[in-house]
Structures are given as C-alpha cells and as structure tokens.
Amino acid sequence: MPKTTVGLPVGRGLLYLIITGAAWGTAGAAASLVYRTSDMGAFGLSFWRCALGLALLLACRLLRPHAHSSAHRSRHRGAGRAVATGLGLAVFQTAYFAAVESTGLAVATVVTLGAGPVLIALGARLLLGERLGVGGALAVAGALAGLAVLTCGGSAAAVRPVGVLLALLSAAGYGTMTLLTRWWGRDGSADASDTTVRAFAVTGLCLLPFALHEGLLPHTPHPARLLWLVLYVAAVPTALAYALFFAGAAVIRSATVSMIMLLEPVTAAVLAVALLGERLTAATVIGTLLMLGAVAGLAASEGRTAGRTKPGPG
C-alpha cells in the first residue's frame, strides 16, 4: 500500500490508478451479492465499507509504522484536507446511490461517470492550468461514447430529472475529490495513507446518520457469506483502492485520472457477464473496446508527456 506520493514515478501512478479502476469495478458485483444475501441497504453498506476500510488501514499502519516528523507541522492543514476530501467522497457515494434509486443504474452511471471527466477537465484547465490537448479531447469523446453504449445499449432506461441532478451532484463530488488530490499533490507533500484514513473517518461520520435510519445490522440467512462479502468490499475496492487512488491522483493529470477510472464500468460489465449471469451483447463488446482504447491511448500519452518533462511541482 502506498505510503506517500513524494517521488512517485508517473508510470507507477498510472499502474495504481488502473488497479483502482479495476478494483472499483468489482464493488458493484459484490454489492449485488450483498443485496441478494441480506436486506442491507445502500447507506448501510457504504457506512460499513468506510468504517471497516478505516479499521483495516489503521491496522496496516500499526503493522507498518512510519515516521511522522512533519505531523505536527501539517496537522491543521491535514485536518482541512481531510474534511474537504471526506465531504467530496461522501457526496460522490451518497448522491450516486440516490441517483440509482431515482433513475436507475444505467442512467445514473452514464451521467455520473460521463459528467465526471468533463467537469474534471474543465476544472483542471481553469484551476490547475492542465491542458488536455486535441488527442486528449478525442480520447474523452471516445470514452464517453463507449460508456453510453456499454451502459445504455439495448436497455429501456427511464430518465428522471431528479435522478439526473443527483448524478450530476455525484459527479461534482467526484471531481472535487480528484482535483483537490491533484492540487495538494503538486507540492510533493501528500501522504496517501494519511489522506485515505482521514477521508474515511470524515465520510463515515457523514454516512452514519443515514445508515442508522436505514438500519445498521442487516438480517440474513447466510451470515458467514455476508461477512465475507462485506469484508471484501471494505478491503479491496475500498481500503486498497482508495489508498492507490489518492497516491496516483496526486501525480497524474486530473483529466487522465478521470479517464482511467472509466475502467470501473468495464470491469463491472465483465463481472456481470461472468459471475452474475447477464447476457453478453454487442453493446457490451463495442462499449468495452471503445473505453479500453481511449484509456490506453490517454495513458500512453501521459507516459510520453512525463518522459519529456522534468519532475517538479505542476
């Protein structure tokens, strides 16, 4: 698990983000199995995801102690970053689940993950001075087309305005989290482990009231299966994936980060066919190929850009 982003090579940052996108894609399949196994709701699963993920990260820190020489100097700054990142993460997750409930999985996914790269590209240009370029713009367009085909191809999805607005709110939370991580990572002082732990603590507190209202303790005829599923969600697409995300997003251009994260629906689509019995369609194949091609092209461009520039802030 990454400790800090100081001196992290761009290639390793790209690898971290690719692993993150693939790991996030498994969360949907695991959540579907959780819902089939118990009466646990979305807010309850999100809360336990953050709470148990936080516990796992804290356990890892105890097993792998590291120096905190700058902890006192950056305490207040770290607290502010944790609140901002945690709120962005809470809005991202909560608004997305609400959008799914309101307008369905297909539309919520298209709007959230489709608007995310656009908002992040605009924010990165205006706030960070990062240029996407013609090739990057074409890659974004190709990825969005692939996302639309992959998610909505052959479905009779209903578009509800409230759900679309919630999905846009989710995209804004995701974009804010990504841009802040990149902004703070440009000075080389961001610690991925600290960022993840603090963000999870804030997000868990934000989700707790909703989870209590929904019900924290689910009913299930298969408690062992439910426990393993929840532990998997907490460990792989949460504790591991978010630590890798915060490390990689600090050194990779924000628009590229948002594009690589589109591996999430690709992974989810593959698992839906392989594990959940969903039918393999032409839309699934075409959308997956479009998105993989766009992600690979932009990642290669990122690596070439990094190779031509010297490491340093910005």
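How many salt bridges does the structure hold? The structure holds 1 salt bridge, defined as a side-chain nitrogen of Lys or Arg within 4 Å of a carboxyl oxygen of Asp or Glu. The model is predicted, so that local features need pLDDT of at least 70 and side-chain atom pairs count only at pLDDT 80 or more, whereas totals for chains, interfaces and linings use all residues. Residues are numbered from 1 along each chain as its sequence is written, and side-chain values use heavy atoms, with hydrogens and water left out.

The salt bridge is formed by Asp 194 and Arg 61, whose closest N and O atoms are 2.7 Å apart. It links distant parts of the chain, 133 residues apart: Asp 194 lies in helix α7 (residues 192-214) and Arg 61 in helix α2 (residues 42-63). Helices are DSSP runs (H or I, at least four residues) numbered from the N terminus. Both Asp 194 and Arg 61 are buried (under 20% relative accessible area, 1.4 Å probe, protein chains only).

The largest nonpolar core comprises 33 residues; such a core is a set of buried Ala, Val, Leu, Ile, Met, Phe, Trp, Tyr and Cys residues joined through side-chain atoms within 4.5 Å. Helices supplying at least two residues each include α1 (10-37), α3 (75-103) and α6 (161-185), and the largest share, 8 residues, comes from α8. Among the members that touch the most others are Leu 17, Tyr 174 and Phe 245. Contacts of Phe 245 (heavy atoms within 4.5 Å) include Trp 24, Met 177 and Val 257, residues up to four places away in sequence not being counted. A second, separate core of 10 residues includes Leu 113, Ala 143, Leu 147 and Val 266.

Technical notes
Buried means under 20% relative accessible area, exposed over 50%, partly exposed in between (1.4 Å probe, protein chains only).
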